[in-house]
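Hi there,

Here is the structure I promised to pass on to you. Have a look at it first, and then read my notes below.

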Amino acid sequence: QVQLVESGGGLVQPGGSLTLSCAASGFTFSTYTMNWYRQTPGKEREPVATVGVGGTTTVKDSVKGRFTISRDNAKNMVYLQMNNLKPEDTAVYYCSALRAQHYWGQGTRVTVSS
């Protein structure tokens with residue numbers, strides 16, 4: 001049974017930091033591209049960051065220099081380090097695993113507000 005469980009969301013002030021974690025199980029983690037997406041009410045879910053099988057990363061332009069994605073294949077974990085958070089980063093953040101199928105977690109809410 002595939003599971004992706006996100007954690008680490010919460011309320012943070014503008015300029016603050018959070019690290020999101022995603023624990024994966026039920027599939028061969030090291031062979032999947034891992035992603036973080038986010039979604040706000042009334043908008044489509046959008047990709048934020050991706051880490052490939054070989055470790056190559058890409059991030060959305062609006063978070064470049066602030067967000068870093070990483071993976072630990074030994075622990076079946078993927079992380080999103082978020083620094084200098086802005087109110088517009090407020091969203092539900094989802095972990096996903098992509099190869100032939102696209103698996104999703106339940107999401108973790110991040111609220112950036114003073």
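Which residues do ring pairs link into a cluster? They are Phe 27, Phe 29, Tyr 32 and Tyr 103.

Before the details, please keep in mind that this is a predicted model, where local features need pLDDT of at least 70, side-chain atom pairs count only at pLDDT 80 or more, and totals for chains, interfaces and linings use all residues. Residues are numbered from 1 along each chain as its sequence is written, and side-chain values use heavy atoms, with hydrogens and water left out.

The structure holds five aromatic pairs (rings of Phe, Tyr and Trp, the last by its six-membered ring, pair if their centres lie within 6.5 Å; planes under 30 degrees apart count as stacked, over 60 as edge-to-face and the rest as tilted). One of them joins Phe 27 and Phe 29: this pair is tilted, with 6.4 Å from centre to centre and 45° between the planes. Phe 27 also pairs with Tyr 103, where the centres are 5.6 Å apart and the planes are at 45°, so this pair is tilted. Phe 27 lies in the loop between strand S3 (18–25) and strand S4 (33–39), and Tyr 103 in strand S10 (residues 102–104), so the pair ties together parts that are 76 residues apart in sequence (strands are DSSP runs of E, at least two residues, numbered from the N terminus).

Phe 27 and Tyr 103 are both buried (under 20% relative accessible area, 1.4 Å probe, protein chains only). Phe 29 is buried as well, at 2%.

Finally, the charged end of Arg 45 sits over the ring of Tyr 94, 3.6 Å from its centre (CZ of Arg within 6 Å of the ring centre and within 35 degrees of the ring normal). Arg 71 lies over the face of Phe 29, 4.7 Å from the ring centre.

Enjoy exploring!

Key:
Buried means under 20% relative accessible area, exposed over 50%, partly exposed in between (1.4 Å probe, protein chains only). Helices (H or I, at least four residues) and strands (E, at least two) are DSSP runs, numbered from the N terminus.
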